[in-house]
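Biologist: I would like to go through this protein step by step. Please keep the answers plain.

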Amino acid sequence: ATTRYEAEASPAVCTGTIDSNWAGFSGSGFCNGDNGTSAYAQFTVNASAAGTATLKVRFANGTTSARAANIVVNGSTTGTASFEGTGAWDTWATKTLTVPLRSGSNTVRLSPTTSGGLPNIDYVDVETGDGNPQPTG
Ligand code: GCU
Ligand code: CA
């Protein structure tokens, strides 16, 4: 099943402001993270079983430089992402990531690793493989 988690909807956390000045976002706004490595966007996502989930992060980056981030799941960095320039702040794109989730509630944090911070983040769509246990061993 795929569930959408909007960046502006609690319990999501945006270290910055929820803005709506760039068109094309879903819901009522998007996360404009502060420009710096300590800012982040965090989502609380649910999985009915432990396993690998596919995350689709909708973002816009109106600069010509990619903005990089660590993907931090339940406090551990599980991967990285590079959010390339999309051409304009009102041009949105989707970045697909794979993350390991545990059964129940998980936090997924996009934690920027360069001084530009994150791109603007609209939402994440999380597709969990219900009933597909994570391989052990
Ligand atoms: C501009 C833009 C913001 C964006 C910011 C940034 O100020 O209006 O939406 O977040 O650049 O560089 O991060
Ligand atoms: Ca910003």
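Biologist: In which loop is Pro-11 found?

Modeller: This is a predicted model, so what follows describes a prediction. A cis peptide bond joins Ser-10 and Pro-11, with omega at about 10 degrees. Most peptide bonds are trans. As for its place, Pro-11 is found in the loop between S1 and S2.

Biologist: How many helices and how many strands are there in the protein?

Modeller: From the N terminus on, the elements run β-β-β-β-β-β-β-β-β-β-β. Counted by type, there are zero helices and eleven strands.

Biologist: Among contacts between residues at least 6 apart in sequence, what share joins residues at least 24 apart?

Modeller: A contact here means two C-beta atoms within 7 Å. Among the contacts between residues at least 6 apart in sequence, the share that joins residues at least 24 apart is 73%.

Biologist: Which strands stand at the edges of the open sheet?

Modeller: Five strands form this open sheet, with antiparallel pairing, in the order S2-S5-S10-S7-S8. An edge strand here has a single partner strand, so one side of it is left without a neighbour in the sheet. The strands at the edges are S2 (13–14) and S8 (76–83).

Biologist: Within that sheet, which residue is the bridge partner of Ala-41 in S10?

Modeller: Strand S5 (residues 41–47) and strand S10 (residues 104–112) run antiparallel and are joined by seven bridges. In S10, the bridge partner of Ala-41 is Leu-110.

Biologist: Is strand S11 largely enclosed by the rest of the structure or largely open?

Modeller: A residue counts as buried if 20 or more other C-beta atoms lie within 10 Å of its own. Strand S11 covers residues 120–128, and seven of its nine residues are buried. Therefore S11 is largely enclosed.

Biologist: Which residue in S11 stands opposite Thr-54?

Modeller: S11 pairs in the antiparallel sense with strand S1 (residues 2–6) over five bridges, and Glu-6 has Tyr-123 as its bridge partner in S11. Strand S6 (residues 51–60) is also antiparallel to S11, with eight bridges joining them. The residue in S11 opposite Thr-54 is Glu-127.

Biologist: Is Arg-109 buried, partly exposed or exposed?

Modeller: Arg-109 has its place in strand S10. Leaving aside neighbours within four places in sequence, Arg-109 is in contact with Tyr-40, Gln-42 and Val-72. Arg-109 has 18 C-beta neighbours inside 10 Å, and therefore it counts as partly exposed.

Biologist: How far apart in space are Arg-109 and Ile-71, C-alpha to C-alpha?

Modeller: In sequence, 38 residues separate Arg-109 and Ile-71. In space, C-alpha to C-alpha, the distance is 5.9 Å.

Biologist: Which residues does Thr-113 touch, not counting those up to four places away in sequence?

Modeller: Thr-113 is in the loop between S10 and S11. With 16 other C-beta atoms within 10 Å, Thr-113 is partly exposed. Residues touched by Thr-113, beyond four places in sequence, are Thr-37, Ala-68, Ala-69 and Asn-70.

Biologist: What is the phi of Asn-74?

Modeller: Asn-74 lies in the loop between strand S7 (67–73) and S8, and is partly exposed, with 14 other C-beta atoms within 10 Å. Most residues other than glycine have a negative phi. Asn-74 has a positive value, near 50 degrees.

Biologist: Which residues are around ligand 1?

Modeller: By class, the shell around ligand 1 has two nonpolar, four polar and one charged residues. By name, the residues are Asp-19, Trp-22, Asn-32, Asn-35, Trp-89, Gly-117 and Asn-120.

Biologist: What domain does UniProt list for residues 3–127?

Modeller: Over residues 3–127 the chain is 0% helix and 58% strand, and the end C-alpha atoms are 7 Å apart. The UniProt entry is unreviewed, and the domain listed there for these residues is CBM6.

Notes. Residues numbered from 1 in each chain as written. Chains lettered and ligands numbered in written order. Predicted model: local features only at pLDDT ≥ 70, side-chain atom pairs only at ≥ 80, totals over all residues. Near = placed C-beta within 6 Å. Nonpolar A, V, L, I, M, F, W, Y, C, P; charged D, E, K, R; others polar. Helix = DSSP H or I, 4+ residues; strand = E, 2+ residues; numbered from the N terminus. Pairing = 2+ DSSP bridges. Buried ≥ 20, exposed ≤ 12 C-beta atoms within 10 Å, placed from the backbone. UniProt positions renumbered as here; feature names shortened; annotations may be inferred.
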